[in-house]
Amino acid sequence: MEEVDVEPSTTVTHLGFEWGPGDLLVYETNYKLQGIRPRSASSPSVHVVRRDEDICSPILRKLFNESHLIFVGLQKIKEDVPSKNKKSQFVSISKNYRSVIRACMEELQQNAGKRSPDTHHVSILLAIELIWNLCEVLFIDAAPAGSLLLHLLDWVRLHKSDVDTRAREVLQSDSPAQHQSYWDVVISLVLQGRTDEARQVLSKQASLRAESSSVFKRMDVLLQNMPIFNPAGTQTLTEFDVKWRHWHEECDRCLQDNTFASNRHLETICKILVGDEDTLLEQRELLSTWYHFLVTRLLFTHPTIKPPDLHYYAQSSMNMFLGPRASPEPLDIILLSAFEFDLHQVIKDCSIALNNWWFVAHLTDLLDHCKLLQSHNLHFGSNLREFLVLEYASGLFTHHSLWQLAVDYFDHCPEFGRVYLELQIERVPLDTERKAIKVLRICEDRQMSEQVRSICKIMAKRALRNNRLGSALSWSIRAKDAAFATLISERFLQDYSNKGFFTDLDLLDNLGPAMLLSDRLTFLGKYREFHRLYGEKRFSEAARLLLSLMTAKIAPRSLWMTLLTDALPLLEQKEVIFSVDQTYELMSCLEELNLGTKDSNQTDQDEDIESTKTELLRLALARNLAMAIVKEGTIET
Amino acid sequence: MDPTAKYISQKISRTRWRPVPAGLLQQPEVFAAGSWDNESNRVSIWSLGDNDSDTDGEFDEEPRLLCDSEHDGDVMDLQALSLAHVWERAHRYSCDNAPCTAVVCRSPELVSVGEDGRVILYKADQTEVVRVIENADSSTIHAVTFLRTTEVLTVNSIGQLKMWDFRQQSDSPAQILSLTGDRVPLHCVDKHPNQQHIVATGGQDGMLCIWDVRQGNTPFSLIEAHSAEMWEVHFHPSNPNHLFTCSEDGSLLHWETTSGSDMSTLLQRGWNSRVVSHSGVPLAGEDDSVVSSWLAGDSSKNRLEATHMLPSQTLSVNSLDVLEQCLVCGTDGEAVYVHRQLPV
């Protein structure tokens with residue numbers, strides 16, 4: 001757990017806690033600690049302890065976003081590409097990741113000094129990049145003997161950049177040879193195997209002292225002759241080895257002959273070229289890290305090192321450099337595990353040492369794509385890569401904004417990703433409709449119909465509570481939720497019977513095919529259409545519609561009385577609208593209604609009204625029937 | 001030329017160019033971006049550095065932050081104005097504040113719409129709202145645009161376009177247009193810069209529709225533009241033969257109508273879309289002699305070409321703005337893309 005920024009207030013009660021997805025909720029309970037007199041009332045606040053604070057840093061957010069893009073691109077690499085091409089692709093992806101880390105680090109360094117967490121992040125990012133680079137060299141690029149050392153040299157050079165600045169400083173000064181760091185620069189360049197640059201700096205010295213120029217020339221020749229393996233060349237490893245031994249013997253001979261006895265610096269350089277360990281150890285300050293010592297040692301004693309032999313030298317280098325009393329730091333142990341080609345140990349140690357899963361998740365995913373991890377199943381069913389990616393993505397989901405990135409990570413976890421996503425996506429707080437639409441799109445794209453339904457129901461209920469019936473309806477249409485559509489229609493009908501007119505006509509008039517979602521909704525739409533037809537004085541169509549609503553049993557029984565009452569003005573018209581058959585139907589509907597059980601809670605007054613209505617209807621129906629029979633019986637002449 | 005990307009550590013909901021004075025033929029340099037879904041959202045102003053380029057015309061400047069300020073809630077829309085004011089609680093439900101979904105301004109008047117179905121008219125220098133159309137819509141209004149000085153057009157989540165005339169006293173729309181068939185929510189609307197009767201809308205299913213508001217109830221053409229919600233559609237303000245759309249599926253398309261181009265150029269550049277339907281009846285009694293190529297009926301003479309503007313699939317592109325030769329867009333991947341040499 002990270003240190004808290006703020007002094008925790010002293011409490012006199014026991015603290016209770018509850019685990020959340022990424023946080024810890026801490027609250028004060030009523031149980032008092034023994035032996036302490038309570039001084040003040042306990043505070044009613046609940047504290048949230050967040051385990052991972054990196055996620056809140058604005059600069060690190062860029063890391064998360066950019067690496068997300070790279071991750072998604074990596075997953076898309078096809079399986080059928082031949083492995084040679086794939087290796088170069090993987091190496092370039094690894095370089096992409098590293099450049100993102102570096103960019104982040106540079107930005108943090110620019111902003112550093114204002115806040116202490118930033119400097120902390122800078123050192124962690126440095127370490128991460130170091131480890132990643134080494135893993136790239138050893139595992140992804142998997143260079144064979146010969147090129148392995150060259151790659152390791154590049155690795156060391158990249159992570160020891162102060163040599164360049166010092167060299168520049170020396171070269172740009174008025175008299176480089178008199179500069180106090182002159183020899184340090186030369187030796188550092190030699191230690192890094194940069195013989196050409198070392199020669200360049202040495203030449204500044206040589207021009208000054210004429211009498212010792214022969215010695216400098218000798219050194220110059222030695223440095224120039226140092227063989228460097230060229231992987232693209234035609235020279236085989238054994239040829240290179242022979243050549244190198246030749247050169248090594250030459251250096252040794254120079255040492256034995258005391259050629260450089262006149263100049264102790266040159267003598268030191270010669271001893272370095274020979275690979276004398278004690279001399280190398282003397283340069284501890286210039287080397288500054290044991291892995292630099294390791295690489296330099298290999299450069300001058302064993303340049304054709306094979307990968308499996310690396311770990312002997314690594315262990316011994318570390319012991320020699322650090323000395324008997326110093327204990328290795330976590331970073332050193334991780335690097336050592338990497339040199340020993342123990343991937344799982346590297347991942348394990350990194351997981352423990354680091355605050356959040358970003359590094360291990362992405363690195364393991366990349367290594368898994370390179371088919372370097374043996375897939376042994378963990379106890380809970382998924383393999384190591386999936387476990388780490390799931391943990392990382394779950395951590396992202398707790399963030400109020402980065403949850404959208406996590407969705408893609410879950411997509412690429414074949415075993416448990418979907419389950420995790422289903423559980424997490426429902427818990428995203430939905431403040432605005434736009435956010436709900438985005439969440440819904442995520443669910444719909446993955447056919448998570450349960451979640452779609454539940455989210456739409458939440459939004460629809462909220463809209464209903466705020467009296468936005470149109471919104472509620474559009475949400476139920478999206479979820480194809482017939483039950484909710486029925487509920488909304490009931491609300492509309494209730495409003496109608498309370499107010500006597502329809503609200504939200506723009507919605508009802510334009511329902512379109514959505515009407516068919518639920519029976520009640522269909523009824524509502526058709527009922528509104530009836531009113532519209534009546535308003536437009538298209539009485540016969542209105543009459544037909546009204547009748548069909550009752551006979552096709554679309555209308556709920558409770559509303560039949562209302563519908564029949566609506567039919568009353570049509571029956572009272574001068575011209576006959578309902579035909580004989582239609583009138584018979586209406587009559588049967590009325591009788592059916594009356595046959596139904598009477599509501600026992602009705603007061604006398606209500607019963608009176610009901611019976612009056614029935615009477616009126618019966619009368620009107622009878623009159624209409626009479627007129628209709630007469631009309632239909634009349635022969636037009 | 002690929003657009004330059006800049007990650008700004010917040011999901012972007014809206015980006016808008018600061019308007020350039022019309023007389024000077026300058027490229028816009030300053031844009032505003034609003035964030036959403038953060039615990040504290042911000043509106044930030046970015047500058048693109050000076051306009052001088054070296055001989056081969058490479059602009060390599062990344063946007064620099066000029067200033068930013070806090071914003072309560074998600075930034076839903078941005079418009080440039082010369083005064084600043086806050087109208088509190090303009091959009092509300094009975095017991096809570098309702099999100100305001102869009103704002104449009106034609107100085108000095110402002111119109112805002114929200115999830116509570118209200119259309120509200122303000123004047124920039126007055127603290128009181130000028131007019132509220134209550135219950136303008138029973139569903140959420142997603143976008144609004146000015147048609148004429150006193151007329152606005154809104155789109156809502158049941159797929160209707162409504163025209164409102166502020167000169168009328170009544171609170172009902174002057175006209176309602178909608179698609180027959182499925183009522184798909186519409187999310188964005190934009191008017192043709194020169195011809196006020198041509199309007200483009202984009203909806204939840206990614207369909208781009210071109211409407212003629214004078215005529216009937218159906219859109220003139222329906223184009224399957226995107227595979228997910230279309231968030232913004234913009235006509236290019238000075239060259240209206242170009243249209244830009246951005247969508248939840250992470251793509252930003254540049255549409256160009258060409259009249260009378262030959263098949264070979266079309267085949268070379270690729271045919272990225274399907275035109276679903278194209279109404280074949282040209283308008284009768286056309287006043288101006290220039291018939292817009294968006295509405296011309298003969299589909300063999302007029303084609304629509306679409307090109308992807310962003311290099312790779314990103315998370316949803318939430319917003320775009322285009323002015324002169326510059327395009328700016330913001331994504332949910334917390335990146336702002338700026339393209340300074342549009343082929344318009």
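Predicted model: local features only at pLDDT ≥ 70, side-chain atom pairs only at ≥ 80, totals over all residues.
How many nonpolar, polar and charged residues are in the lining of the largest cavity?

**View 1. The largest cavity and its lining by class.** The lining of the largest cavity has nine nonpolar residues, three polar residues and one charged residue. The space in this cavity comes to about 160 Å³. A search of the whole structure finds nine cavities of 30 Å³ or more.

**View 2. Residues and helices around the largest cavity.** The largest cavity is lined by 13 residues, and those closest to its centre are Asp54(A), Ile124(A), Leu125(A), Ile128(A) and Asn356(A). Three helices of chain A, H1 (58–75), H3 (116–140) and H17 (358–369), each give two or more residues to the lining. H3(A) gives the most, with four residues.

**View 3. Packing of helix H18 against helix H20 in chain A.** Helix H18 (residues 384–397) and helix H20 (residues 417–425) of chain A pack with their axes 11 Å apart and at an angle of about 10°. Because angles under 35 degrees count as roughly parallel, H18(A) is described as roughly parallel to H20(A).

**View 4. Residues in the contact of H18(A) with H20(A).** On the H18(A) side, the contact is made by Glu386(A), Leu390(A), Ser394(A) and Phe397(A). H20(A) contributes Gly417(A), Tyr420(A), Leu421(A), Gln424(A) and Ile425(A). By class, five residues of this contact are nonpolar, three are polar and one is charged.

Note on methods
Residues numbered from 1 in each chain as written. Chains lettered and ligands numbered in written order. Heavy atoms only, no water. 1 Å grid on protein atoms, 1.4 Å probe; cavity = no way out; pocket = protein on both sides within 12 Å on 5 of 7 lines; lining within 4 Å. Points joined across faces, edges and corners; volume = space filled by probe spheres on them. Nonpolar A, V, L, I, M, F, W, Y, C, P; charged D, E, K, R; others polar. Axes fitted to C-alpha atoms, helices over the stretch in contact; angles between N-to-C directions. Parallel < 35°, antiparallel > 145°, perpendicular 65-115°, else oblique. Contact = heavy atoms within 4.5 Å.
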